[in-house]
Amino acid sequence: MSIPLNHNTPLPLYKQLAAYLRQRIELGELEPGTKLPSIRHMARSQGINRITVETAYAELEADGLVTSRRGSGTFVLPPFPGHDGPQADTPGRWPAWQHAAAERFEAIWPGHPAPLHSGATPAGVISLADGNSDPLLFPFEAFSRTLREVMRRDGTAALEYEEAAGYRPLRRTIARILVDQGIGVTPDNIVVTSGSQQAIFIIAQVLLRKGQTVYTETPTYPESLRLFRTMGMRIAAIPMDSGGMRTDLLEQAMRTHGEGLILTMPTFHNPTGICMDGHRRRILASMAEAHGIAVVEDDYAGDIRYEGHSQPAIKSLSAAGNCLYIGTFSKMLVPGLRVGYIVAEGPVLTQLERYKRMLDLSSPGLVQRVLERFVDVGSYRNHLNRLCRTYRMRRDIMLDCAQKWLPRCVHITPPSGGLFAWLRLPEDVHADALAETAPHHGVAIASGTAFFPQPQEGARHIRINFCRHDENTLKEAMRRLGTAMQKSIAATKYMK
Ligand SMILES: Cc1ncc(COP(=O)(O)O)c(C=O)c1O
């Protein structure tokens with residue numbers, strides 16, 4: 001077996017080997033029951049370390065693709081029922097209720113959503129497509145130390161169900177951070193959630209009735225679009241300009257569509273990176289109040305700022321009870337912690353807390369306790385400073401590389417914070433086509449079409465995440481993106 005392993009890419013060899021074998025298994029070239037070469041033989045034949053092979057085989061085993069039998073070797077497993085190729089969904093193959101459920105959801109969210117985890121990126125491809133921060137910057141040692149300390153300190157109490165609203169000392173710490181940012185809250189105003197995605201879900205369930213309208217920027221964060229559509233909500237997509245959501249158009253839309261809620265990402269908007277200016281924030285807060293509509297402020301990456309002054313949170317400008325604020329530690333630390341929160345007041349607060357309890361009883365207490373201690377001793381602040389320095393440098397590298405490698409007609413507004421750059425493509429390049437061909441040039445990007453309720457509106461844009469990889473990998477990814485764009489332009493010219 002000759003395997004094309006590349007020793008000069010940042011992708012670890014074990015990942016490349018696992019990806020190669022996974023593909024062969026999924027294509028049926030390695031049939032169920034096939035014995036993989038022994039670890040020693042594979043290592044020798046490919047000129048790699050035995051541990052590399054062992055780790056690759058372990059990854060395949062964890063994915064349920066192979067099984068290792070002590071003393072006999074590693075064997076390819078038959079596919080898991082339901083993952084057995086294209087015939088899996090043919091009518092009549094499964095009970096009718098299964099097809100009915102699948103069709104219902106397929107109508108709401110056709111196709112596959114973008115992968116969330118890096119393991120889904122093919123070997124040799126650098127992904128600028130996902131929404132994650134760089135996990136290698138996670139303060140692993142400090143966090144592990146805090147974890148051990150908390151387990152010693154709290155014993156089994158850390159393993160009980162937590163209060164549904166969240167571990168009180170963590171809520172106290174979050175309240176302190178928010179007060180420093182001008183948002184007046186107490187721990188009692190906070191409900192800890194499993195990430196801000198769950199926060200959006202809970203708010204939507206508690207505030208909205210089927211058929212009401214969600215007013216949100218277009219483009220916007222695709223997972224919230226999917227969520228609202230699943231719930232049967234109408235989406236009023238409000239265009240943006242360099243000052244954020246167009247409040248004049250929002251006003252018109254609210255007159256037409258009536259009740260619902262406004263969901264906005266005023267700071268480092270995903271995907272455009274735009275910050276809503278202070279004047280607009282004030283207008284939006286008072287307009288929402290005049291129309292008797294709640295504002296939900298999704299501040300998913302507000303602390304990742306490279307320059308400029310932060311604008312006041314809409315929450316701090318809103319009448320009491322009219323704005324719900326959502327925060328998360330996913331981008332500032334890592335998404336795997338799954339800690340986000342809602343800030344609210346008034347009668348709705350109790351209902352948010354009850355809904356959270358009904359949904360999953362509580363978010364994991366152990367993680368909340370470790371996070372609280374980690375933030376409290378100052379480690380979080382140090383981490384955040386380092387993160388902003390590193391990401392600012394990467395932002396500058398991305399902009400330099402864009403000048404050097406990308407066609408002149410590609411337009412980027414330099415983001416002053418957050419993880420993303422939003423690129424306008426040359427006339428001739430369609431974002432979906434580029435997203436499809438770019439991996440053949442070793443880079444993955446997110447097509448703009450994913451971010452619009454009317455996908456074709458995003459055909460001239462792509463989103464890239466410039467924070468995810470170290471500086472050299474980012475440079476290489478930008479060079480590859482330049483090649484992919486040039487090829488795309490050449491291909492369209494040829495077709496004309
Ligand atoms: C704008 C926005 N809101 C919410 C989320 C959800 O993040 P999490 O649930 O990890 O906090 C994301 C994730 O990318 C996001 O971009």
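Modeller: Before we start, a word on domains: their bounds come from an automatic or database domain assignment. Keep in mind, too, that this is a predicted model.

Colleague: How do I read a nonpolar core?

Modeller: In soluble globular proteins, nonpolar side chains tend to be buried together. Here, the largest nonpolar core has 68 residues. The members that touch the most others are Leu423, Ile462, Ile464, Met478 and Leu481. Helix H14 (residues 379-405) is the top contributor to this core, giving eight residues.

Colleague: Why does this core lie between domain 2 and domain 3?

Modeller: Because both domain 2 (125-136 + 382-495) and domain 3 (140-377) give residues to the core. There's also a second, separate core of 23 residues, with Leu208, Met231, Leu263 and Ile342 among them.

Colleague: Let's zoom in. Which residues does Met478 touch, not counting those up to four places away in sequence?

Modeller: Leaving out those sequence neighbours, Met478 touches Leu128, Met398, Cys401, Ala402, Trp405, Leu406 and Ile464.

Colleague: Is Leu434 buried or exposed?

Modeller: The cut-off for buried is under 20% relative accessible area. Leu434 has 0%, so Leu434 is buried.

Colleague: Now the ligand. Which residues are around the ligand?

Modeller: The set is Gly195, Ser196, Gln197, Tyr221, Met265, Asn270, Asp298, Tyr300, Thr328, Ser330, Lys331 and Arg338. Helix H7 (residues 195-207) gives the most to this shell, with three residues.

Colleague: What should I look for between those residues and the ligand?

Modeller: Look for polar atoms facing each other. Asp298 has a polar side-chain atom 2.6 Å from a nitrogen atom of the ligand. For Thr328, a polar side-chain atom lies 2.7 Å from a ligand oxygen atom. Arg338 has a side-chain N or O atom 2.8 Å from an oxygen atom of the ligand. Overall, the ligand taken alone exposes 400 Å², and the protein buries 93% of that.

Colleague: Can you tell me more about Thr328?

Modeller: Thr328 lies in strand S10, and at 4% relative accessibility it counts as buried. The side chain of Thr328 also reaches the backbone nitrogen of Ser330, at 3.0 Å. Contacts of Thr328 beyond four places in sequence include Ser196, Tyr300 and Tyr341.

Colleague: How do I read backbone angles, then?

Modeller: Most residues other than glycine have a negative phi, and most peptide bonds are trans. Arg338 has a positive phi, near 55°. Arg338 is in the loop between strand S10 (323-328) and strand S11 (340-343), and is partly exposed, with a relative accessible area of 34%. Phe268 has a positive phi too, near 50°. Phe268 lies in the loop between S8 and H10, and is buried, at 1% relative accessible area.

Colleague: And where are the cis peptide bonds?

Modeller: One runs from Thr218 to Pro219, with omega near 5°. Pro219 is in the loop between strand S5 (213-218) and helix H8 (222-230). Another cis bond joins Asn270 and Pro271, with omega about 15°. Pro271 is in the loop between strand S8 (260-264) and helix H10 (278-291).

Key:
Residues are numbered from 1 along each chain as its sequence is written. This is a predicted model: local features need pLDDT of at least 70, side-chain atom pairs count only at pLDDT 80 or more; totals for chains, interfaces and linings use all residues. Side-chain values use heavy atoms; hydrogens and water are left out. A nonpolar core is a set of buried Ala, Val, Leu, Ile, Met, Phe, Trp, Tyr and Cys residues joined through side-chain atoms within 4.5 Å. Buried means under 20% relative accessible area, exposed over 50%, partly exposed in between (1.4 Å probe, protein chains only). Helices (H or I, at least four residues) and strands (E, at least two) are DSSP runs, numbered from the N terminus. Contact means heavy atoms within 4.5 Å. A residue is near a molecule or strand if one of its heavy atoms lies within 4 Å of it. A polar contact is a pair of N or O atoms within 3.5 Å; within protein, one must be able to donate a hydrogen and the other to accept it, and residues adjacent in sequence count only if both atoms are side-chain atoms. Accessible areas come from the Shrake-Rupley method with a 1.4 Å probe; for residues, only the protein chains shown count as cover.
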